Amino acid sequence: LQLSLQIPQMLFQVAGRWHRNLFLDASSAWRESIVADVRIGQPQIGRDPTRFAETAQVTAGLEWSRQIVDNPEWLRFYVGTTLGYRFERLLGRGSLDGVKSGTVESPVLTAGFGIEIDSFEISDRWRHRLRFGITGWLPANGATVDAGGAATKLLEPGASINVGWTVSYY
């Protein structure tokens, strides 16, 4: 189970991983996992403090990780990709308070990479990790909504720093 915050987009992420070798054999130095995640939040659109995108994204895919070096064993590199769906709606604040657009949606591709640090063992089978990386998303379709008297682009590609806390059971 992973809980993360994506900065500067200010999306909260909950992800789950299930270790399963689909494309790699058990002797590989890489660890393969099926991953599913949900991201929600209301990031500001550009530099305009009156426009925010109410966002929800659900995806599933694969992730691979491995130790960076044999020693120390507590430092791992990860890379992954998922496919899913992204929903966005314009919300107004300040002078646009109360303005809302309809929800727009699109299939989305995500990719991410970073490092994972084993911080401590909770017990023989439970581990606590910290995760730092970069994540990006590419919606298949963009959309422009007209709310509050101005056109606003939603479902734009983007990237964020991902800072996470993970609890793992082995």
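**Rings, charges and strands**

Modeller: Trp30 is partly exposed, at 30% relative accessibility. Please bear in mind throughout that this is a predicted model.

Biologist: With which ring does Trp30 pair, and is the pair stacked or edge-to-face?

Modeller: The structure holds 2 aromatic pairs. In the one that involves Trp30, the ring centres of Trp30 and Phe77 are 6.3 Å apart and the planes meet at 80°. Planes over 60 degrees apart count as edge-to-face. The partner is therefore Phe77, and the pair is edge-to-face.

Biologist: How many residues apart in sequence are the parts that Trp30 and Phe77 tie together?

Modeller: Trp30 belongs to the loop between β2 and β3, while Phe77 is in strand β5, residues 75-92. Phe77 is partly exposed, with a relative accessible area of 30%. The parts tied together are separated in sequence by 47 residues.

Biologist: How are the rings of Tyr85 and Phe87 arranged?

Modeller: Tyr85 is partly exposed at 33% relative accessibility, and Phe87 is partly exposed at 30%. Their ring centres lie 5.5 Å apart, with the planes at 50°. Planes under 30 degrees apart count as stacked and those over 60 as edge-to-face, so the class of this pair is tilted.

Biologist: Is the salt bridge of Arg86 and Glu88 made by buried or exposed residues?

Modeller: The closest N and O atoms of Arg86 and Glu88 are 2.8 Å apart. A relative accessible area under 20% counts as buried. Arg86 has 2% and Glu88 has 6%, so both residues are buried.

Biologist: Which residues form salt bridges with Asp118?

Modeller: Asp118 is itself buried, at 17% relative accessibility. Another, at 2.4 Å, joins Asp118 to Arg129, which is buried at 6%.

Biologist: Which residues belong to the network of salt bridges that share partners?

Modeller: A search of the whole structure finds 10 salt bridges. Those that share partners join one network, and its members are Arg17, Glu63, Glu116, Asp118, Arg127, Arg129 and Arg131.

Biologist: Over which ring does the charged end of Arg131 sit?

Modeller: Arg131 is one of the residues in the salt-bridge network. Its charged end is 3.8 Å from the centre of a ring, and that ring belongs to Tyr78.

Biologist: How many strands form the closed barrel?

Modeller: The barrel runs β1-β2-β3-β4-β5-β6-β7-β10, with antiparallel pairing. The twist from one strand to the next averages 25°. Strands β1 and β10 are joined by 6 bridges, and the number of strands in the closed barrel is 8.

Biologist: Which residue takes a positive phi in the hairpin of β1 and β2?

Modeller: Strands β1 and β2 pair in the antiparallel sense over 5 bridges. Their hairpin has 3 residues between the strands. The positive phi, near 55°, is taken by Met10.

How values were computed:
Residues numbered from 1 in each chain as written. Predicted model: local features only at pLDDT ≥ 70, side-chain atom pairs only at ≥ 80, totals over all residues. Heavy atoms only, no water. Pairing = 2+ DSSP bridges. Helix = DSSP H or I, 4+ residues; strand = E, 2+ residues; numbered from the N terminus. Axes fitted to C-alpha atoms, helices over the stretch in contact; angles between N-to-C directions. Salt bridge = Lys/Arg side-chain N within 4 Å of Asp/Glu carboxyl O. Buried < 20%, exposed > 50% of the residue type's maximum accessible area, 1.4 Å probe, protein only. Phe/Tyr/Trp six-rings, centres within 6.5 Å; stacked < 30°, edge-to-face > 60°. Lys NZ or Arg CZ within 6 Å of the ring centre and 35° of its normal.
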